Amino acid sequence: MTQFFADLIGGDQNPNLPLEAEARWRLVETAWELGVSPALLAVSHDPATESLFVVDADRRRKSITGARDALSGYQKGHCFYCFDNFSLTGAAQPDVDHFFPHCLKAAGLGGSIDGVWNLVLACRRCNRGVAGESSLIPSIRLLARLSTRNEFLIASSHPLRDTLMAQTGAGEVERREFLNAFYMEARAALVHYWEPVEVAEALF
Ligand SMILES: [Zn+2]
């Protein structure tokens, strides 16, 4: 937990930080309320409300925090694809984007597509625009970026760590194989790739 609190009070001037810290706090607090270790929280994402939730012992859904806030820390206010700036408090909030698009559900690949492992924050141009990702698969170099993001959250003591491991694999090799296998299946189903137009230098 030391790293968690160090991150929480870190001197980063990023204006999105209070929301991200609040999201982390909600994850830990929910675990306490349910009487489990934060490491044992099985967090799911509800695309309709763009929020993260857990299911308690009575099988009731318990909303935890906005997915946007929970995911923002790693990206530090930049679009996952083009690195453009966004604010969590302004009018042009980023979209919670499925890296592997939601339409893969129709191709039978939907099993874990709403998992946190597959969610990133994207500017509207990348997610919705005419040159946006829409229902295409990001290129392989972007898959490496997603893998780096997931590995970073797992290596740090982020409250979503164990959820990511439960969804993609306990070991790093297993997780890489999971992503590669998903990519191959998605490519077979959708064929075409998508590349963003980057507007700033690569940040992650
Ligand atoms: Zn973008």
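**Figure 1. Buried residues of helix α5 in the predicted model.** The buried residues of α5 are Leu 142, Leu 143, Arg 145, Leu 146, Ser 147, Arg 149, Asn 150, Glu 151, Leu 153 and Ile 154. The helix runs over residues 140–155, which gives 16 residues. From its first C-alpha to its last, α5 reaches 22 Å, close to the 22 Å expected at 1.5 Å a residue.

**Figure 2. Arg 145 and the ring of Phe 80.** Arg 145 is one of the buried residues of α5. Its charged end sits over the ring of Phe 80, at 5.9 Å from the ring centre. Phe 80 belongs to an aromatic cluster that also includes Tyr 81 and Phe 83. Arg 145 is also part of a network of salt bridges, in which it is linked with Arg 141 and Glu 198.

**Figure 3. The salt bridge between Glu 198 and Arg 141.** The closest N and O atoms of Glu 198 and Arg 141 are 3.1 Å apart. This pair links distant parts of the chain: Arg 141 is in helix α5, Glu 198 is in the segment after β7 (193–194), and 57 residues separate them. Glu 198 is partly exposed, with a relative accessible area of 33%. Arg 141 also counts as partly exposed, at 39% relative accessibility.

**Figure 4. The aromatic pair Phe 100 and Tyr 183.** A search of the whole structure finds 14 aromatic pairs. In the pair shown here, the ring centres of Phe 100 and Tyr 183 are 6.1 Å apart and the planes stand at 65°, so the pair is edge-to-face. Phe 100 lies in the loop between β4 (95–98) and β5 (119–122), whereas Tyr 183 lies in helix α7 (residues 172–190), 83 residues apart. Phe 100 and Tyr 183 are both buried.

**Figure 5. The aromatic pair Trp 117 and Phe 182.** The rings of Trp 117 and Phe 182 have centres 5.0 Å apart and planes at 70°, so this pair is edge-to-face. Trp 117 is in the loop between β4 and β5 and Phe 182 is in helix α7, so the contact ties together parts that are 65 residues apart in sequence. Both residues, Trp 117 and Phe 182, are buried.

**Figure 6. The aromatic cluster.** One cluster is formed by Tyr 74, Phe 80, Tyr 81, Phe 83, Phe 99, Phe 100, Trp 117, Phe 152, Phe 178, Phe 182, Tyr 183 and Phe 204.

**Figure 7. The salt bridge between Asp 95 and Arg 128.** Eight salt bridges are found in a search of the whole structure. In one, the side chains of Asp 95 and Arg 128 meet at 2.7 Å, N to O. Asp 95 lies in strand β4 and Arg 128 in helix α4 (residues 124–128), so the pair ties together parts that are 33 residues apart in sequence. Asp 95 counts as buried because its relative accessibility is 7%, under the 20% cut-off. Arg 128 is exposed, with a relative accessible area of 53%.

**Figure 8. The salt bridge between Glu 172 and Arg 176 within helix α7.** The closest N and O atoms of Glu 172 and Arg 176 are 3.6 Å apart. Glu 172 and Arg 176 are four residues apart in helix α7, so about one helical turn separates them. At 44% relative accessibility, Glu 172 counts as partly exposed. Arg 176, at 43%, is partly exposed as well.

Definitions and conventions:
Residues are numbered from 1 along each chain as its sequence is written. This is a predicted model: local features need pLDDT of at least 70, side-chain atom pairs count only at pLDDT 80 or more; totals for chains, interfaces and linings use all residues. Side-chain values use heavy atoms; hydrogens and water are left out. Helices (H or I, at least four residues) and strands (E, at least two) are DSSP runs, numbered from the N terminus. The expected span of a helix is 1.5 Å times one less than its number of residues. Buried means under 20% relative accessible area, exposed over 50%, partly exposed in between (1.4 Å probe, protein chains only). Rings of Phe, Tyr and Trp (its six-membered ring) pair if their centres lie within 6.5 Å; planes under 30 degrees apart count as stacked, over 60 as edge-to-face and the rest as tilted. A charge sits over a ring if NZ of Lys or CZ of Arg is within 6 Å of the ring centre and within 35 degrees of the ring normal. A salt bridge is a side-chain nitrogen of Lys or Arg within 4 Å of a carboxyl oxygen of Asp or Glu.
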